[in-house]
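Dear colleague,

I am handing over the structure below, and after it I set out what was found. Please read the notes with the sequence and the model open beside them.

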Amino acid sequence: MTTWTPAGRKRPAGGPARRFAAPAVLALCGLSSACGSAWAQGDAEAGEAVFIAANCQSCHTDYANDGALLAGGRALKTPFGTFYSPNITPDPKTGIGNWSDEDFRRALIHGRAPDGARYYPVFPYTSYSGMTDQDVADLKAYIFSLPPVEKANRPHDLKWPFSWRWVMAPWQWLFFHPERFAPDPERDDLVNRGAYLVDTLGHCGECHTPRNRFGVLKDDMHLAGQEEGPEGGIVPNITPDPETGIGNWSDNDITWLLITGFLPDGDNVQGGMGEVVEHSTSRLTDTDRQAIAAYLNSLPPIVHQVGPPRETGDTDTGGGGDEFDY
Amino acid sequence: MFVLGRRTAGAVIAGAVMMAGLSVAGAADEPANIIKYRQNVMKANGGHISAIAAIAKGDVSFMDQAEDHARAMAATAGDILPLFPEGSDTGADHRSLPAIWTDWAGFEKAAKAYEDAMPALVEAAASGDRAALGGALRDVGQACKGCHDDFREDK
């Protein structure tokens, strides 16, 4: 028997060496013109928490075919075609083992490959671009501490014109404006942490926010759900609208789902969200789950019915029709 | 010579008769009615699960009732397989996947895992320990998921 409250995973505070690393780098930079930017020192242990919150493994591991951790090849069907995730193990030949810290940072924050190619936003750099430098450095340290796996990448199978990668240049120019996450002074720390977890690391909006025909998330429909989710699934409205969203859910209902995968009516989530619970949210700290709930419940409710309306008199299933249609 | 004990033989025959009876009952009912019936049985389980969850989360303090819900689930856990007779996939909206019938052994195994998770749930519910109850319910959830992932269509 297990208890459902996982042992709190504490972010290491960092020893004195780490705490003073950044100022030391800054000091050296002041003396040397060769120094480009003050690069945060990565801490693999802290990086594991970032890795879990950012749920890298769900997409970069081909679980359906017993693929090795982070070796890529997982198919992701979208309205734009089928993407196959790349190998991000530290294998130098087929993975990202040759990447510099700056290569890694540029991929996550600017959506650019080391050779300058622009990534499709199926890789959610549109969310990750808000990451703190420390989290980026820690994440790289953690991923580089994992076993390298030699496995060549499979090319994507996309519909025209998305099959032309160069279209990503105007796309990024028009639609992608990297913005670092900044805590809102109007909100308390818990809600700010929740915003960082939901919008930056957890990249929840990449599935829960509808896109326009250019594949750009609709800002005014933030987390309001969509019927054309990845793998063709219906993705529910998770804004606190009581009728079409999760407005009837308590913070406890949200954290319970994030731990166990159970909806308030006793059914369980499956598909993409099942993976998110398994690989990510069930492994977060209690505080982080509470932060997510606090943030979601602080959002402006958006009336947006996704899928069939739920039955009258049904328990709160949160905008998803009948959950039990076996 | 290979001789079955009288008791064993009796049990085998009784089992065969019961199974035949089940499949006859299943075959005689309208598929649409079977689908609705099994959806209601699942809803009932969902109701018990949410009730236990509310107790485990601390939303309500009806710990003395947790065992009743757990026992209700345990008592009906073995009823799941006969809810899916061959041919019960038409006549009403449902999300049962054909894999149920093409991989009956796998389906049986997944249903068994759910049944096997029950004693721990009942025990945790009787213990009155909230964390233990939540943990046992979470394990039940893994069993639900184990079956739903492969045998129920994603929405």
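Two residues are said to be in contact when they have heavy atoms within 4.5 Å of each other. This is a predicted model, in which local features need pLDDT of at least 70 and side-chain atom pairs count only at pLDDT 80 or more, while totals for chains, interfaces and linings use all residues. Residues are numbered from 1 along each chain as its sequence is written, chains are lettered from A and ligands numbered from 1 in the order in which they are written, and side-chain values use heavy atoms, with hydrogens and water left out.

A:Q57 lies in helix α4 (residues 56-60) of chain A, where helices (H or I, at least four residues) and strands (E, at least two) are DSSP runs numbered from the N terminus. A:Q57 counts as buried because its relative accessibility is 7%; buried means under 20% relative accessible area, exposed over 50%, and partly exposed in between, with a 1.4 Å probe and protein chains only. Its side chain also makes a polar contact of 2.8 Å with that of A:Y63. A polar contact is a pair of N or O atoms within 3.5 Å; within protein, one must be able to donate a hydrogen and the other to accept it, and residues adjacent in sequence count only if both atoms are side-chain atoms.

Also in chain A, the buried residues of helix α9 (residues 189-201) include A:V191, A:Y196 and A:L201, and their cover includes α3 (44-54), α6 (125-128), α7 and α13 (286-298) of chain A. At the start of α9(A), a side-chain oxygen of A:D188 comes to within 3.2 Å of the backbone nitrogen of A:L190, and just after this helix A:H203 takes a positive phi of about 40°.

A:R154 sits in the loop between α7 (133-143) and β3 (157-158) of chain A. Its side chain makes a polar contact of 3.1 Å with the side chain of A:Y84, and, C-alpha to C-alpha, A:R154 is 9.3 Å from A:R74, although the two are 80 residues apart in sequence.

Turning to the other chain, chain B has seven helices and zero strands, and 39% of its 155 residues count as buried.

Where the chains meet, 37 residues of chain B are in contact with 29 residues of chain A. The area buried between them is about 2,900 Å², of which carbon and sulfur atoms give 53%; buried area is the accessible area (1.4 Å probe) that two parts lose on being put together, summed over both. B:K57, B:R138 and B:K155 supply 26% of the area that chain B buries against chain A, more than any other three residues.

The rule finds three salt bridges across this interface, a salt bridge being a side-chain nitrogen of Lys or Arg within 4 Å of a carboxyl oxygen of Asp or Glu. B:K57 forms a salt bridge with A:D253, with the closest N and O atoms 2.5 Å apart. On the side of chain B that touches chain A, α2 (31-57), α6 (118-127) and α7 (130-151) of chain B each supply at least two residues, and the largest share, 14 residues, comes from α7(B).

With best wishes
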